[in-house]
Protein chains: 2
Amino acid sequence: MKLASEEFDRISKALADPQRRAILQKLAVTGKLNCSDVHAFFDVSQPTVSHHLKELSMAGVVQREKQGQFCYYHVKSETLTAYVAELQRRLGLVAVQVAPRAR
Amino acid sequence: MKLASEEFDRISKALADPQRRAILQKLAVTGKLNCSDVHAFFDVSQPTVSHHLKELSMAGVVQREKQGQFCYYHVKSETLTAYVAELQRRLGLVAVQVAPRAR
DNA sequence: TTAGCATTTCGATATCTATCTATCCATCAG
DNA sequence: CTGATGGATAGATAGATATCGAAATGCTAA
């Protein structure tokens, strides 16, 4: 999975907020939660949780699934994995893969 | 290398700004630059560059070295590597390492 | 349809921060 | 010492955003 520069920016910002990271981490360990569930874990208002979930969703690091009255969110590991890979690439933390020359 | 939660927060914030990431990336590929060098590469004022370098420095992702009149900055890969590892750990992107039981 | 809950949206506010100009401090060359 | 240059600091400002309470929307069940 390849990230566009714009997506990369958005993910970086999404991960910059501690509250949002906490929510994401909670989702990572519990698997799947709805907005109210998340709200129960943290000391912020429910609209704030909704806002953060939206940001995470827009960044593509969580997936939103509407099931009737509820809205379930779960982590999209592929995106996060791609983000980490891209971060490592940009910061020169990994050996650069050179594509074989076509001839 | 183990990162304190506070350091992790600071690094996340440091990496959230595109301009700062660009500076860091430039440092990563060139190895070592002073403030003026960095300034020459980007379209922001020298104080702004100084500010960003300070942020990066406070976050521990770059090292500052004063050499006479000049101030050289270079990437601290250990910190960045530790950051990425911690990020992966928190987001559940890696298998958890269990320490062997002492007996 | 109506009551009630889940979630989002709205509008406001306070804080944070990226950026600038102006200025100051330190070091080097003469 | 003096002027020039690298770099940091001070102070101001504009824009972003995390947060809230209130209201709107959407869905389910009775």
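**Notebook: DNA strand C and the A–B interface**

I found a polar side-chain atom of Ser45(B) 2.8 Å from a phosphate oxygen of DNA strand C. The model is predicted: local features need pLDDT of at least 70, side-chain atom pairs count only at pLDDT 80 or more, and totals for chains, interfaces and linings use all residues. Residues are numbered from 1 along each chain as its sequence is written, chains are lettered from A and ligands numbered from 1 in the order in which they are written, and side-chain values use heavy atoms, with hydrogens and water left out.

I looked up two further phosphate approaches.

I turned to the protein interface (contact: heavy atoms within 4.5 Å). Chain A gives 21 residues and chain B gives 21 residues. Together they bury about 1800 Å², 69% of it on carbon and sulfur atoms, where buried area is the accessible area (1.4 Å probe) that two parts lose on being put together, summed over both. Arg21(A), Leu91(A) and Leu93(A) supply 28% of the area that chain A buries against chain B, more than any other three residues.

I checked for salt bridges (a side-chain nitrogen of Lys or Arg within 4 Å of a carboxyl oxygen of Asp or Glu). The rule finds two across this interface; Arg21(A) and Asp9(B) meet in a salt bridge at 2.6 Å, N to O.

Notes. Polar contact = N/O pair within 3.5 Å; in protein donor to acceptor, adjacent residues only side chain to side chain.
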